[in-house]
Amino acid sequence: MNDIAIQASGLGRAFGDMWAVRELDLEVRRGEIFGLVGPDGAGKTTTMRMLTGILAASEGSASVAEFSIQGDEEAIKSRISYMSQRFGLYGDLSVEENLRFYADLYQVPRREREPLEERLLGFSNLTPFRKRLARNLSGGMKQKLGLACALIHKPEILFLDEPTNGVDPVSRRDFWRILYAMLKEGVTIFISTAYLDEAERCTRVGLMHQGRLIQCDTPQKLKQAIPGLLLELETAQPRVAREALTAQLGANRVSLFGGKLHLYAADEAEAEQARTVLREADIPILAENTIIPSLEDVFIYQLTRNDEETTA
């Protein structure tokens, strides 16, 4: 069996004159969690819909579970599950009735259904709520039920489009616990997320911006790719300080995190230049620390740099 679960080459999709995804090259290995991160409109959902055979590509090619998205869509659908942002639970059915409906839909053999159902209910902590109507579940419980339904036919590859968006922190933690359990069983997971702390949990992460994949690597390597120093500066006037530094160093060098500034300096000389800019603007630095970049730092740095290269 090929160790590549998902492969895309020059993949793109246009809607009229607008390209939602363009020139996407991607490889996802079997047995990994691959995270796709990007702002709204970056092309994450369009990418997933092409890879799952729901949406035809306008250019390029891709294969999923060794089947082409152009002609082998039905073979792909039998080997994957796709949990969209609006996964189709039926509110007037109970938790266990929803599971049985999806077992029927995926033609799961009847002898396998009961043990699978019990296992998935246990995984998702939904056993005590098996008789409850889906419409009466909390947001987090609905997402866990959606995941259980998506797993009922034991897919090779699981596609999840921002599955924890708007879900409380405890339910998010439970959701990821289930994902790690599935990963140990060899399921490949392709997930898009708006939460950068969740992207840290992925084996590899792809950063999408304006329909293009601008960087792809492990979270650790992405963080190491930011050049120079990352300084955290605390001032009494963070917004004014940001404007002063941006005017001298460029928009991709400074960002605001809460009430603190994160400054990307190529070296100590540039860091000292930033201190001079603030002194001359009569903005005292109350505290300064050299910090390790987070994925959020990487994301902001790469997006602003990409915007500057595009407009240059």
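1. Start with K144, which sits in helix α5, a helix covering residues 139-151. The model is a predicted one. K144 has a relative accessible area of 6%, and buried means under 20%, so K144 counts as buried. Apart from its neighbours within four places in sequence, K144 is in contact with S124, L126, D174, F175 and I178.

2. Next, the antiparallel sheet. Strands of a sheet pair through backbone hydrogen bonds, in either a parallel or an antiparallel way. Here four strands make an open sheet, in the order β2-β1-β4-β5, with antiparallel pairing. Its edge strands are β2 (18-29) and β5 (67-68), each of which pairs on one side only.

3. Strand β3 (residues 33-37) deserves a separate look. How many of its five residues are buried? The count is five of five, and the strand is described as mostly covered. Both faces of β3 are covered, with I33, G35 and V37 buried on one side and F34 and L36 buried on the other.

4. Which strands pair with β3? Strand β8 (residues 188-193) runs parallel to β3 and is joined to β3 by five bridges; G35 has I191 as its bridge partner in β8. Strand β9 (residues 204-209) also pairs with β3 in the parallel sense, over four bridges. In β9, L36 has G206 as its bridge partner.

Conventions
Residues numbered from 1 in each chain as written. Predicted model: local features only at pLDDT ≥ 70, side-chain atom pairs only at ≥ 80, totals over all residues. Heavy atoms only, no water. Helix = DSSP H or I, 4+ residues; strand = E, 2+ residues; numbered from the N terminus. Buried < 20%, exposed > 50% of the residue type's maximum accessible area, 1.4 Å probe, protein only. Contact = heavy atoms within 4.5 Å. Pairing = 2+ DSSP bridges.
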